[in-house]
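Welcome, and thanks for taking a look at this one with me.

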Amino acid sequence: MTAQDAEELDVEEALAMVNDRGRRRLGTPSTPSPSTPAARTPHSAEDTRHRGTPWPEARALAERAARSVRRRPPASVTLDDALGLVLAAPLTALTDLPSFDTSAMDGWAVAGPGPWHVREDGVLAGHAQPEPLTDGEAVRIATGARVPQDSTAVLRSEHGRIDDNGRLYATLPQAPDAARPGGTPTVVHGQDIRPRGQECRSGDQLLPLGTLITPPVLGLAAAAGYDTVTAIPRPRAEVLVLGDELLTEGRPHDGLIRDALGPMLPPWLRALGAEVMTVRRIGDDADALYEALKNSPADLIVTTGGTASGPVDHVHPTLRRLGAELLVDGVQVRPGHPMLLARTRKDQHLVGLPGNPLAAVSGLLTLAEPLLRTLAGRAAPEPYALPLQDSVHGHPRDTRLVPVARRADRAVPLHYNGPAMLRGIATADALAVVPPGGVRTGQELELLDLPWATAGIQVCFT
């Protein structure tokens, strides 16, 4: 292992790799392969607890846990507040679109063959129905304006000229198959007119139930006549930041460190579809944690740190005190293996994230993302893979999640990807799912997109 390799792994991961290689050199069997009868391999209780739930199974468990909860009833939401929600009812058109024959261009509405006599008045968008045209007449018209009755077409401004006698002539290019080559250009019937109902008729289904409400969906709903939409409410989340060693401002000093998760988690949870109710700093106080959990009205409680078995790691004892059901107690993933998922009440869950920042990100995408996505009614993203530009070392037994940047058709692994580091993830587009043992250059890996990499900051964090 090179010095750079060691920098990218935490101490436990590096030691596990060294120990595993040592066992192989000594002829000692390492973790059984899928073909090995693992049931006959003895494991201590501590080893079983340490190994935890396989990473794909943990994600599936989080999704199933959310499906066991009755969603909050659909709500009528104004368009201003609906971005990022999911439609709880189909969106049907309340009117024809467009609701009247509309000019698609600035120019002249014309009737019959040219040349045309141009009326003095004009037709602007937002005005009442104009007077009908008769053959040989034209009238100035703006984009979006109602087309006068009996109009043949709209002649674009750049395709017409008016002579000294006020007569309008078409100057658009001669069509190759025109009946009289070299003759007067002919305006095609209906040209540059958007007829009533071209996009939809009243009552047509525009979008199905379950559609994610994006900015274009808001625009379509408004155009179709909606002021509100029926949507699945956001699941409510509360963040509890644990640890006496955390500072909320200034530089680290005297053994104290800045809290990176308090600022990072709320917008990330919003990007995953949650309504973040509060962020509370509890410190290392078991009784305060118990009271906070017991009285929380959230659908999901997210805690930071305290998930291991140290002297001030109070999450496990507090969950036992509450009578919570532990669904996932550790996951076979690095970083972030001490993460957990518990059902604290019939309609409430808790995701315990490790205290190290990148390990917490791993916990978010492993447990919180599938749970929140399901509660919010969002569809699971389509899995995809890209080949790696460089090889990546793997953990001997566990999945690794490694920050990568997308570059054309390749995924570039980023440095500074240790459990306590954010420098790599800050410039990443996704996390690569690295199987035990690592991968070679060019090998394809599944990628987990980071929300802002595909949706855009304003969409995600509204």
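Let's start with a pair of helices: α4 and α9 are roughly parallel to each other, because their angle falls under the 35 degrees that marks this class. The axes of α4 (residues 55–67) and α9 (residues 357–375) cross at roughly 30 degrees and come within 8 Å. Please keep in mind that this is a predicted model. The chain has 462 residues, of which 45% count as buried, and its secondary structure comprises 11 helices and 28 strands. Of the contacts between residues at least 6 apart in sequence, 69% join residues at least 24 apart.

**Helix α4 against helix α9**

- The crossing in which α4 passes α9 is right-handed.
- On the α4 side, the contact uses Trp55, Ala58, Arg59, Ala62, Glu63, Ala66 and Arg67.
- On the α9 side, these residues meet Leu365, Thr366, Leu367, Glu369, Pro370, Leu371, Arg373, Thr374 and Leu375.
- Sorted by class, the contact of α4 with α9 holds 9 nonpolar, 2 polar and 5 charged residues.

**Helix α6 against helix α9**

- Helix α9 also packs with α6, at an angle of about 25 degrees and with the axes 12 Å apart.
- That angle makes α6 roughly parallel to α9, and the crossing of α6 and α9 is right-handed.
- From α6 come Leu261, Met264, Leu265, Trp268 and Leu269, which meet Pro357, Ala360, Val361, Leu364, Leu365 and Leu372 of α9.
- The make-up of the contact of α6 with α9 is simple to state: 11 nonpolar residues, no polar and no charged.
- Leu365 of α9 is listed in the contact with α6 and in the contact with α4.

**Helix α7 against helix α8**

- Helix α7 (residues 286–295) and helix α8 (residues 315–322) have axes 10 Å apart and pack at an angle of about 50 degrees.
- At that angle, α7 and α8 are oblique to each other, and α7 passes α8 in a right-handed crossing.
- The contact brings Ala286, Asp287, Leu289, Tyr290, Leu293 and Lys294 of α7 together with Val315, Thr318, Leu319, Arg321 and Leu322 of α8.
- By class, the residues of the contact of α7 with α8 are 7 nonpolar, 1 polar and 3 charged.

**The aromatic pair**

- The structure holds 1 aromatic pair.
- Its partners are Trp268 and Trp452, arranged edge-to-face with 4.8 Å from centre to centre and 75 degrees between the planes.
- The pair links distant parts of the chain: Trp268 sits in helix α6 (residues 261–271) and Trp452 in helix α10 (residues 451–455), 184 residues apart.

- Thr152 lies in the loop between β8 (137–141) and β9 (153–156), and it counts as buried because its relative accessibility is 16%, under the 20% cut-off.
- Leaving out residues up to four places away in sequence, Thr152 touches Val110, Ala111, Gly112, Val188, His189, Gly190, Gln191 and Ile193.
- Val392 belongs to the loop between β24 (385–387) and β25 (399–407) and is buried, with a relative accessible area of 10%.
- Beyond its neighbours within four places in sequence, Val392 is in contact with Arg400, Val402, Pro413, Val434, Gly438 and Val439.
- The C-alpha atoms of Val392 and Arg440 are separated by 6.7 Å, although the two residues are 48 residues apart along the chain.
- Ala260 is in the loop between β17 (257–258) and α6 and is partly exposed, with a relative accessible area of 30%.
- Between Ala260 and Thr248, 12 residues apart along the chain, the C-alpha separation is 8.7 Å.

Terms used. Residues numbered from 1 in each chain as written. Predicted model: local features only at pLDDT ≥ 70, side-chain atom pairs only at ≥ 80, totals over all residues. Heavy atoms only, no water. Axes fitted to C-alpha atoms, helices over the stretch in contact; angles between N-to-C directions. Helix = DSSP H or I, 4+ residues; strand = E, 2+ residues; numbered from the N terminus. Parallel < 35°, antiparallel > 145°, perpendicular 65-115°, else oblique. Left-handed = near helix turned anticlockwise from the far one by under 90°. Contact = heavy atoms within 4.5 Å. Nonpolar A, V, L, I, M, F, W, Y, C, P; charged D, E, K, R; others polar. Phe/Tyr/Trp six-rings, centres within 6.5 Å; stacked < 30°, edge-to-face > 60°. Buried < 20%, exposed > 50% of the residue type's maximum accessible area, 1.4 Å probe, protein only.
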